[in-house]
Amino acid sequence: YSVAVRALGYFQKNIGPYPYKKLANVQSKTRFGGLENANTIFYFENSVTGKGEQEALIAHEIAHQWFGNSATENDWHHVWLSEGFATYFTNLYLEHTYGRERFVKQQLANRDKVIRYHQKVVRPIVDVSIEDPKNVLSPNTYEQAGWVLHMLRQDLGDELFWQGIRHYYAKFAGKNAMSADFQASMEQVSGKDLSKFFQQWLYQAGYPKLAVQWKYDGLKKELQLKIEQLQPQAQFDFPLEFATQGSAAQFQLHTVRIQNKINEFKFPMQSAPKSLSLDPMVKLLFEAKIEQK
């Protein structure tokens, strides 16, 4: 459990003072991997191996001391304010400690888990139709909610994102909060209207499923791109980055705005790209099939 010291320091520095008098990490008989009791976290019995293998789990449970224990959702339907935060802040801690590659690995694994879950269940993150509190805990409120925070960070930029996080926590430390309270904090700090962002990513089921077709027109010297949203739910509105590879392994980054069911774009280009890849910087929760015409 010695790795807990690093995680504790990271969250204190970036979120706010640790909210309790002590932090005990305890080997226990819990049936969960970890149970984030305030100031005394229980971990499963075989978590102690001498190899420090549970650092991500430990970081997750320590993050809960701020989000879930101190600032607590006022309704179980908003449990993403606990679990989504702990999931994403674990990844932020791993990025700080081990670098960008580890962070990307975690984000991609979380995206894959969301996609697999949605093959069976399609629900919004905040789903007030759920009656059994146990059913609010799913990849929706863990991994998908973590992705919402990641996309919010891309939308606002690192500086405003962290300012908003600290503002929200300082206001609701030792209190209860709802999703609207978090939205209000981020809007107050950023000066942006985030209603559309939160509406589509929190209260609308699913995520963008894209069919992408591209071809190069040699006569017009242009790249032609068609992107169709296939999800049966309402359409999403979001920026999408893609990269084209030219000669000598040179890559060029482009950004388009996806707003409609069918979106078409043209880009002047002197020669045909060798390849096209979506979301190379890992900023978006989506899935896609790419076809070269």
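**Note on the predicted model**

1. W80 touches F85, I125, V126, T141, A145, L149, S179, F182, F198 and L202, leaving aside residues up to four places away in sequence. Touching, or contact, means heavy atoms within 4.5 Å.

2. This is a predicted model, in which local features need pLDDT of at least 70, side-chain atom pairs count only at pLDDT 80 or more, and totals for chains, interfaces and linings use all residues. Residues are numbered from 1 along each chain as its sequence is written, and side-chain values use heavy atoms, with hydrogens and water left out.

3. The largest nonpolar core has 75 residues. Such a core is a set of buried Ala, Val, Leu, Ile, Met, Phe, Trp, Tyr and Cys residues joined through side-chain atoms within 4.5 Å. Buried means under 20% relative accessible area, exposed over 50%, partly exposed in between (1.4 Å probe, protein chains only). F11, W80, F85, F89 and F182 have the most contacts inside this core. Helix α3 (residues 80-98) gives the most to this core, with 9 residues. Helices (H or I, at least four residues) and strands (E, at least two) are DSSP runs, numbered from the N terminus.

4. Look next at helix α6 (residues 158-172). F161, W162, G164, I165, Y168, Y169 and F172 are buried in α6. These buried residues fall within an arc of 160° seen down the axis, so they line one face of the helix. The arc is taken from the directions from the helix axis to the C-beta atoms. E159 and A170, on the other side of α6, are exposed. The buried residues pack against α1 (4-14), α2, α3, α5 (140-156), β5 (176-177) and α7 (179-190). Just after α6, G174 has a positive phi of about 75°.

5. An open sheet of 3 strands runs in the order β1-β3-β2, with mixed pairing. Two strands pair if DSSP finds at least two bridges between them. β1 (24-27) and β2 (34-35) are at the edges, each with a single partner strand, so one side of each has no neighbour in the sheet. β2 and β3 (residues 40-43) run antiparallel, joined by 2 bridges. G34 has Y43 as its bridge partner in β3.

6. Strands β8 (residues 238-245) and β9 (residues 251-258) pair in the antiparallel sense over 8 bridges. P239 stands opposite R257 in β9. The two strands form a hairpin with 5 residues between them. In the turn, A248 has a positive phi of about 55°.
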